Amino acid sequence: MIRVGVNGYGTIGKRVADAVDAQPDMELIGVAKTQPNFEAHTAVQRGYSMYAAIPERMPLFSEAGIDVEGAVDEMVADADVVVDCTPSGIGEKNKALYESHDTPAIFQGGEDADIGDVSFVARANYDDALGADYVRAVSCNTTGLSRIIAPLEEEYGVEKVRATLVRRGGDPGQNSRGPINDILPDPIHIPSHHGPDVRTIFPELKIDTLGLKVPATLMHVHSLNVTLEDDVTAAHVRQLLEEESRVFVISEGMGIDGAGKLKDFAHDAGRPRGDLWENCVWGESIAVEGRDMYLFQAIHQESDVIPENVDAIRAMTESASKADSVATTDEYLGVGI
Ligand code: NAD
């Protein structure tokens, strides 16, 4: 069993913890939190051992009726791999803690690319993370773009990617984010930073990205144009994407015309927290003009990176091949529609 600790138990951390707990070859040894808030209480209800991310705050947990196993560095010392799910920039500060215990760690997409030996999306570069000590699971948008680019690159060759990312203003719980009533070019300069981030996965790729932010919390939506090296048909691209386990091609008859209905669908299907781990590509949007392929896809920012974190654990511990890891993660998490 691979012993895994999760440091930072917010939007991403609580999902990573559940996903690790569900795997047959992993043991969740605990989660570390800074404060005994509602998420700490539900972690305890789920039977997860609690560690204090800030040791001086241990009494606050006791006062809130939460038993603490110890301080975060005990969890780090005991783990084979730590998944750092703290806010952007905190992971970098935590790296010294992991190094001091010789514990390999996974960081999230909010950290700079150079925090890890490799930036990771299982579909594109699983093998690059074999045996690595420090890996960065890239952002939700980079993960979503990479899962489409990888099969297109393999099947047809990619000449150039142009993507416009319509980004949610914040996650549902982030009530200080916005805009509330505006449509913001964000970042206002073109191209945005997303393209260079995708190049941490595909170093040779030509890609330009543009970003906007809108008053929504549900999902991001990408408008994607990929110029391919071969002539293709829309039907062939669709078939290719339908074969991808982490791409959900929405069929015309489902009546899903936006992110709202996608989230309804996920809740109705009994998905935990209404999560959509897959890229959600509108089948009828897949269009081809010569060598130019177009599509719209929705990306559930809170959950698409979760299966990638699980696969990164297996790659770093060299405990499974890419195909076996992806299949196991998908089976035990429930990925695939
Ligand atoms: P979050 O704020 O929801 O959760 C972070 C958690 O870490 C919070 O519970 C916070 O209290 C805790 N924390 C703060 N300082 C800590 C410390 N020193 N030690 C331990 N815990 C600490 O943030 P999030 O949305 O889960 O983002 C985490 C990382 O994942 C970031 O790098 C982010 O860029 C990345 N990411 C976020 C999303 C998303 O849409 N939310 C998607 C993909 C990647």
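Predicted model: local features only at pLDDT ≥ 70, side-chain atom pairs only at ≥ 80, totals over all residues.
How much area do domain 1 and domain 2 bury between them, and what share of it lies on carbon and sulfur atoms?

Let me start with the two parts themselves. The domain assignment of the protein chain gives domain 1 as residues 2-137 together with 305-333, while domain 2 covers 140-299. If you take the centres over C-alpha atoms, domain 1 and domain 2 are separated by 26 Å.

Now to the answer: the two domains bury about 1,700 Å² between them, and 49% of that area is on carbon and sulfur atoms. On the side of domain 1, Arg15, Val121 and Arg123 supply 34% of the area buried against domain 2, which is more than any other three residues supply. Counted by residues, 23 from domain 1 are in contact with 18 from domain 2.

Turning to the polar side of this boundary, there are nine salt bridges between domain 1 and domain 2, and eleven residue pairs are in polar contact, with both residues at pLDDT 80 or more. As for which elements of domain 1 touch domain 2, at least two residues each come from α1 (11-21), β7 (118-120), α6 (122-125), α11 (306-316) and α12 (322-333). The residues on that side of domain 1 divide into ten nonpolar, four polar and nine charged.

To finish with a salt bridge you can look up in the structure, Arg273 pairs with Asp18, and their closest N and O atoms are 3.0 Å apart.

Definitions and conventions
Residues numbered from 1 in each chain as written. Heavy atoms only, no water. Domains from an automatic or database assignment. Contact = heavy atoms within 4.5 Å. Buried area = accessible area lost by both parts, 1.4 Å probe. Salt bridge = Lys/Arg side-chain N within 4 Å of Asp/Glu carboxyl O. Polar contact = N/O pair within 3.5 Å; in protein donor to acceptor, adjacent residues only side chain to side chain. Helix = DSSP H or I, 4+ residues; strand = E, 2+ residues; numbered from the N terminus. Nonpolar A, V, L, I, M, F, W, Y, C, P; charged D, E, K, R; others polar.
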